[in-house]
Every structure is written in structure tokens, then in C-alpha cells.
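Please consult the sequence and the coordinates alongside the text.

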Amino acid sequence: MSAGLVQTYRAFAHNNAWANHRLLNACAGLNQADFEAPRTGFFPSIQRTLNHIYVIDLFYIDALEGGWLGPRAWANEVPYPSVSELKPAQATMDKRLLAICDALTPELLDGTIRINRDTRVQTERCDRLLMHLFQHQIHHRGQAHAMLSETAVVPPQLDEFFAEGEAPLRAAEFADLGWSEETVWKS
């Protein structure tokens, strides 16, 4: 694996954090009733969908850090009932994932991660586990995005991956996150 591949994982972690930031900022425009309202989706509300993303992030990021939390991660399916509680918790989780990806090397990407499944230990290559985690987040953010479109709040654009020519359009959000383009694309 080349350093370019390591950088790809770092960029995906940044894109994930940025998408969460954009989506949760939009959701901050909802009142609590709209956040909790039943909607069509695997987790039938924006609240439950976004909390599911957090809970599964907790499960896998803990394993990527060498932890043993396992299924206790989802003991509470809605640990953060309001957007104001969820947003900083998800930001902290995103920072943990960024730290993992910033520390990656080709050898670590090839390494094995042990995941506590309570009744068994699952082993996965780090690169495959990260791909799984990113796909999970993208999938459920898409569902939350669709649910948000049923409200008065305009859903943010989430379907772009840091196009170079659009850097000025995200500069303010990057500044909110404490980033620059160089932060995302450092080698």
C-alpha cells in the first residue's frame, strides 16, 4: 500500500466529519418534535437515525482504538435525545476517528482489529473495517438527509467529496472545524 492510500482514508475521515457537521447544523434548525417525529427509514426518525450513527461509530471506533466496549455501545439507542446534545458528542467521535486515520501507516491499514461481539471476537483488517464504517455512515446520513427534506429545514449538500474548485464554498465550515484544505490533504 502506498502513502496515497493512507491519505485516502484520512480524507474519508475528514469528509465524514464535515458531512456530520453540515447535517447536524441543519438539524439544529428543527424543533424537538420535528427531530423526534416518525418518518420513513430504517430508524424511523431523524433523532434515532443520527443517534444510530453515533452508537455504531462508538462501537467501531472503540475497537479501532483497541478498546473492548463491544455491544455495550448500543445499550442506549438514543444516548443524545436532542441535537444540542448530539452535535458535540458526534464531533468528539469524529475527532477520535480523525486521530485514528491521521496515525495510519500502510502497515496499520493491513493490521488486524479485534472486535468484541460479546459471544465471539470478530477480526477484520483495519482497511476493511474503516471502509465498512464509512459506508455505514454514508448510508444512514443519506436516510437522515431524506427525512430532513420532509421538514421546513433545507437539507445540506452532502454528495460532494472536496472538489478542489469548490474549496471557497466550504472555507467557512472548515474554519468552524479548525481545518484548512492543507489539513485534509496533508501527506
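A salt bridge is a side-chain nitrogen of Lys or Arg within 4 Å of a carboxyl oxygen of Asp or Glu. The model is predicted: local features need pLDDT of at least 70, side-chain atom pairs count only at pLDDT 80 or more, and totals for chains, interfaces and linings use all residues. Residues are numbered from 1 along each chain as its sequence is written, and side-chain values use heavy atoms, with hydrogens and water left out.

**Salt bridges**

- The structure contains seven salt bridges.
- Glutamate 77 is paired with arginine 48, with 3.0 Å between the closest N and O atoms. This pair links distant parts of the chain, since glutamate 77 belongs to the loop between helix 3 and helix 4 and arginine 48 to helix 3, 29 residues apart; helices (H or I, at least four residues) and strands (E, at least two) are DSSP runs numbered from the N terminus.
- Glutamate 77 is partly exposed at 49% relative accessibility, and arginine 48 is partly exposed at 29%. Buried means under 20% relative accessible area, exposed over 50%, and partly exposed in between (1.4 Å probe, protein chains only).
- Glutamate 173 and arginine 22 form a salt bridge at 2.9 Å, N to O. Glutamate 173 lies in helix 7 (residues 167–177) and arginine 22 in helix 1, so this pair ties together parts 151 residues apart in sequence.
- Glutamate 173 is buried at 17% relative accessible area, and arginine 22 is buried at 19%.
- Aspartate 127 pairs with arginine 125, the closest N and O atoms being 2.4 Å apart. Aspartate 127 is buried at 3%, whereas arginine 125 is partly exposed at 38%.

**Nonpolar core**

- The largest nonpolar core has 50 residues, of which Leu50, Leu64, Leu97 and Leu130 touch the most other members. Such a core is a set of buried Ala, Val, Leu, Ile, Met, Phe, Trp, Tyr and Cys residues joined through side-chain atoms within 4.5 Å.
- Helix 3 gives the most to this core, with twelve residues.
- Leucine 130 is in contact (heavy atoms within 4.5 Å) with Tyr9, Leu64, Leu97, Cys101, Leu104 and Leu109, not counting residues up to four places away in sequence.

**Helix 3**

- Just after helix 3, glycine 66 adopts a positive phi of about 90 degrees.

**Tryptophan 185**

- Tryptophan 185 is located in helix 8 (residues 181–185) and is partly exposed, with a relative accessible area of 39%.
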